[in-house]
Amino acid sequence: MAIRTERVVAGVTEVVLDVPPVNALSSAAFRELARVVRDVGDEPETRAVVLRSAVDRGFAAGVDVHEMTGGGPRAVIEVTRACADAYAAVDECAAPVVAAVHGFCLATGVGLVGGTDVVVAADDATFGLPEVDAGGLGTATQVSRLVPEKKARWLAYSGTRVTAIEVARWGGVDAVVPRDELLATVRSVATILAAKSPVVLRRARASLHAIDPVDARRSFRREMGLVFELNLTPAPDEARAAFVGRSE
């Protein structure tokens, strides 16, 4: 099952990404993730949500490139819209969301983590936006919630990766711990949240969402428009050729 839930700590629902080998999510997986996050967030017994990966190598590597390149223009639209739905589900979840990040957190991985409330990372975690090297765009809205503006621009333009320690120094990661301590630490953080009044905590999340200066849905919709413009032009340009070439 690509997306599953586990309940180990009382009041905490863990949403687990499990798409070996690297959690490259298809449109179906993104839609399932969106549905699961919304459902568990709406359950009264859920006081906190943990978003984590069951794949040993990392948190998430991005979209299923083979679906996008093999399915033509319609596939680009479907994957991008499903991705946007998953981002929105995490960002708008009724309960607070804690991310557990290990290994690589790339592209849509960054997008998902950017919508969470608290990020705990293993000391082997790295974050990056490789889209530029594949002739693509996206996730600038979410990466801006993890790193300062100029760093966000550098990541978007360069495709380089930064470590969890660097992101923690900029305030985007709450704690960096040894890999073998990640799950226990995240569950400890979630337990602290689960001990609070669920009514107050949900109102607190709603209030913080309401005063966010960036409308994430609207912002990412604009990014989607630019993605479509870049990848759906009738005559392949240099970026389109790079995207197709990287995926074959």
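Reply: Arg145 has a relative accessibility of 28% and therefore counts as partly exposed; buried means under 20% relative accessible area, exposed over 50%, and partly exposed in between, with a 1.4 Å probe and protein chains only. The model is predicted, so local features need pLDDT of at least 70 and side-chain atom pairs count only at pLDDT 80 or more, while totals for chains, interfaces and linings use all residues. Residues are numbered from 1 along each chain as its sequence is written, and side-chain values use heavy atoms, with hydrogens and water left out.

Arg145 forms a salt bridge with Asp91, with 2.6 Å between the closest N and O atoms; the term denotes a side-chain nitrogen of Lys or Arg within 4 Å of a carboxyl oxygen of Asp or Glu. This pair links distant parts of the chain, 54 residues apart: Arg145 lies in the loop between helix 5 and helix 6 (149–158), and Asp91 in helix 3. Helices are DSSP runs (H or I, at least four residues) numbered from the N terminus. Asp91, at 9% relative accessibility, is buried.

By this rule, the count is 17 salt bridges. Another of them joins the side chains of Arg31 and Glu78 at 3.5 Å, N to O. Here too distant parts of the chain are linked, Arg31 being in helix 1 (residues 27–42) and Glu78 in helix 3 (residues 72–91), 47 residues apart. Arg31 is partly exposed at 39%, and Glu78 is partly exposed at 31%.

Lys150 pairs with Glu149 in a salt bridge, their closest N and O atoms 3.7 Å apart. Lys150 is exposed at 59%, whereas Glu149 is partly exposed at 47%.

Terms used
Helix = DSSP H or I, 4+ residues; strand = E, 2+ residues; numbered from the N terminus.
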